[in-house]
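Biologist: Please take a close look at a single part of this structure. Then show me how the rest is arranged around that part.

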Amino acid sequence: MKFDSISLVIATSGRPTLARTLASLRGQAWEPQDEILLIGDGPQPLAADLWRQFRLPGRYLECPGGPHRDWGHTPRNWVLDEKLATGDYLAALDDDDVWTPDALGMIRKAIIFAPDGGPDVEYRPLLFRMDCTRVPTLEKVVWEQPEIRYANVGTGILVVPNRPAKLARYTPKHGGDIDMIRDTCRFYPAGPVWREELICVCRP
Amino acid sequence: MKHKPCEHDGFTASAPGQAFADRTCTPCWMVHNRPDDPSVRAWRGLPPKPTPLPAVALPVCSAEGPILERCTACGAAGELNHVRDCSHPDNPTERCTRGPNNGAVWNCTTCPHHSARKPPDPFEPRPGDVPCGVVIGAYKWPALIDLQIRLIRHTCGPVPILVSDDDPDRRDRLAAVCARYPDVTHDPNPERIGHTGGDIACLWKGVRWGKERGLAVVAKLSQRFLATRPRWLQDGAANLLASRLPLATRRAITPPNKRIPKGEFFQLRTEAMLLDVAAWSNPAVLTSILPRKYMDGQAEKRIAEDVVYDTLRDHLGGVFLPWLLFGEDRHVAAPGVVWHNSHQRPDYDALAAVFGVTLPADFHVAGWGVELKKGSYLFG
């Protein structure tokens, strides 16, 4: 049997766009072991109240010492450092992005049918597609080519096994999510699985 | 300083100026050293001190002369009732006044030439500001609506304003106030509805008016909710549209305390709401907020908070954007807002004075108990 529960980590600075991010998670195919970890970059009353109202599975937590204002890198690293996620796989989303209507179903299907990583039944990272056509500097769907580089991958496209020893950290700079994806995929000799499914929309 | 006798309960008595130590009697120390603390004032049977409004100050008017006499009609105290000489070239009366004040002496602080007294407008339009307006519910105090209009124009620029009037007795006076300002529409109810229904009517009218005017967002304000933060409307509207939620407000939670032993809880606060006009301009939504009585003569009695929340839940997805302009506890003052549950009459008077308005003697920050006893209040 494959393990396919998912922890979705959303770091937020309390932007109002978080409402549409959370709205996109309603109606997804959540299963009992799945969870959303909404992480406030410090105290975020707007995020806390939205979380209460949307009644999604999971928890709202506040990253201590915030706001760090570093694109959510510190709050996401805090989740990794503290091993707060309980799912078999980790996904992430920014607070101005949304999941497509059946994103979770597509992710789970991809996990279930993903190629094995070896005899220790360790699965590989999955890299899905993200619609960035409304982002003025990109105006395209990524990934375009199966390579990990700036403007070709981003936070929302990575779904990775929740193996603490094989999770890199977000580096404290713009584009730190690219470093995290690259360094995490290096732990897997077979590399990531490049998936065609479009699971999220950037700044819709 | 007089205060209740204290037996110190085994602790050491304290004197003014004395440092607080481990064994110091806390109540005594507070009375001597923190006389303005709300708990000390409560022990002494005094009302809490008015919340200071650091943004509000009375600048000097360059045209203002010496005090000539004092207003005998407005009931205001101190600076508010001064009638001064005015040297403004556009003022033929040479008095710092606006007009007859109930046949008595005119009131200095309402002078139309007194613009120098008002602080410079902090509002600055920004590219991308969405079209938005304000609807205010009005009952009993036309001068308060006058203050609202001036304050909204001061903080948010020349946005359109709709005044929903639920007070037939003062209709002409309110109409006259609205007529003084461009793009302020006076919209009286055909007959008195009352508090709850009047509030809901305000919402219904605001949505329809907003759609007719091509507004993306309408703010619904209760008449005693005064927002003093610059651009509160434009910034709130931008956030609401970014969230794609239909409504912005806060939940209402007051923990049990001495004054409100059971505390208060409502799903949302109705005294200040931002409405996405497109979302609310839906027949099912408008039907659920029709102007009518919701508390009087109905088999099912519903307060305004429930009417709005039921509409949100049944027709609009059930989630509102937390509007961080104010908090969840109605009784705790928020910076940038004056509200009757969290402020005192002097707070309103101070703000009114800045904008050259005198609030009437019967203006108050309490509930409607007095009006109810007089038979002039309707639950609606």
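**A covered helix in chain A**

Modeller: In H3(A), the buried residues are A:His73, A:Thr74, A:Pro75, A:Arg76, A:Asn77, A:Trp78 and A:Val79. This comes from a predicted model. Helix H3 of chain A runs over residues 73-81, and seven of its nine residues are buried. That makes the helix mostly covered.

What does the covering? Just after H3(A) comes A:Lys83, whose phi is positive, at about 50°.

Now step back to the whole chain. Chain A holds five helices and nine strands. Their order along the sequence is β-α-β-α-β-α-β-β-α-β-β-β-α-β. Along its principal axes, the C-alpha trace spans about 45 × 40 × 30 Å. Burial covers 49% of the 204 residues of chain A. Take the contacts in chain A between residues at least 6 apart in sequence: 72% of them join residues at least 24 apart.

Next, the neighbouring chain. Chain A puts 10 residues in contact with nine residues of chain B. Two helices of chain A, H1 (18-25) and H2 (45-54), each supply at least two residues of the side that touches chain B. H2(A) gives the most, with six residues. By class, that side of chain A has six nonpolar, two polar and two charged residues.

Chain B has a helix pair to inspect. There, helix H3 (residues 142-156) and helix H4 (residues 171-179) have axes that come within 9 Å and cross at roughly 15°. Angles under 35 degrees count as roughly parallel, so H3(B) and H4(B) are roughly parallel to each other. Their crossing is right-handed. On the H3(B) side, B:Pro142, B:Ile145 and B:Asp146 make the contact; on the H4(B) side, B:Arg173, B:Leu174 and B:Val177 meet them. Four of the residues in this contact are nonpolar, none is polar and two are charged. An α-helix has 3.6 residues a turn, so residues three or four places apart point the same way.

Conventions. Residues are numbered from 1 along each chain as its sequence is written. Chains are lettered from A and ligands numbered from 1 in the order in which they are written. This is a predicted model: local features need pLDDT of at least 70, side-chain atom pairs count only at pLDDT 80 or more; totals for chains, interfaces and linings use all residues. Helices (H or I, at least four residues) and strands (E, at least two) are DSSP runs, numbered from the N terminus. A residue is buried if 20 or more other C-beta atoms lie within 10 Å of its own, exposed if 12 or fewer, and partly exposed in between; C-beta atoms are placed from the backbone. Two residues are in contact if their C-beta atoms, placed from the backbone, lie within 7 Å. Ala, Val, Leu, Ile, Met, Phe, Trp, Tyr, Cys and Pro count as nonpolar, Asp, Glu, Lys and Arg as charged, and the others, Gly among them, as polar. Axes are lines fitted to C-alpha atoms, for helices over the stretch in contact, and angles run from 0 to 180 degrees between N-to-C directions. Angles under 35 degrees count as roughly parallel, over 145 as roughly antiparallel, 65 to 115 as roughly perpendicular and the rest as oblique. A crossing is left-handed if the near helix is turned anticlockwise from the far one by less than a right angle, and right-handed if clockwise.
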